[in-house]
Amino acid sequence: QIWLDLERLSMPLVVRTRRPGDRFRPLGMDGHSIKLSDFFINVKLPRRARGGWPLVLSGEEIAWVPGFRLGHAFCIREGTKQMARLILEPSHPRD
């Protein structure tokens, strides 16, 4: 789960997997972007999991890489008035 600044989000949020050329501005990098493939390597996400890893997008920007990091632009700040709480749970195949 993660908390984001609601006023900075573009709705609707979209959940998808990675695409070639994706870039991410993770919290803690002072707004600088990194190739998503490099981010996955840095956080040691196993190669076999990378292609199917969910990403939460706000507009064209990655807002959250579940299990790892929030996007810089969407963090809670001193002036934040409204927050959104996202919970991403794995889906289970039906029997």
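**Exercise 1.** Find which residues form a nonpolar patch on the surface.

Solution. Start with W3, I76 and M83: together they make up such a patch, with about 300 Å² of accessible area. Patches take residues with over 30% relative accessible area and no salt bridge, joining like charges within 9 Å and nonpolar side chains (Val, Leu, Ile, Met, Phe, Trp, Tyr) within 5 Å. A salt bridge is a side-chain nitrogen of Lys or Arg within 4 Å of a carboxyl oxygen of Asp or Glu. Areas come from the Shrake-Rupley method with a 1.4 Å probe, and for residues only the protein chains shown count as cover.

A note on the model: it is predicted, local features need pLDDT of at least 70, side-chain atom pairs count only at pLDDT 80 or more, and totals for chains, interfaces and linings use all residues. Residues are numbered from 1 along each chain as its sequence is written, and side-chain values use heavy atoms, without hydrogens and water.

**Exercise 2.** Work out how the rings of F24 and F39 are arranged.

Solution. First, the structure holds 4 aromatic pairs (ring centres within 6.5 Å, using the six-membered ring of Trp; planes under 30 degrees apart are stacked, over 60 edge-to-face, the rest tilted). Next, the F24 and F39 rings have centres 5.1 Å apart and planes at 80°, so this pair is edge-to-face. Finally, F24 and F39 are both buried (under 20% relative accessible area; exposed is over 50%, partly exposed in between).

**Exercise 3.** Identify the cluster linked by ring pairs.

Solution. The cluster consists of F24, F39, F40, W53 and F68.

How values were computed: Buried means under 20% relative accessible area, exposed over 50%, partly exposed in between (1.4 Å probe, protein chains only).
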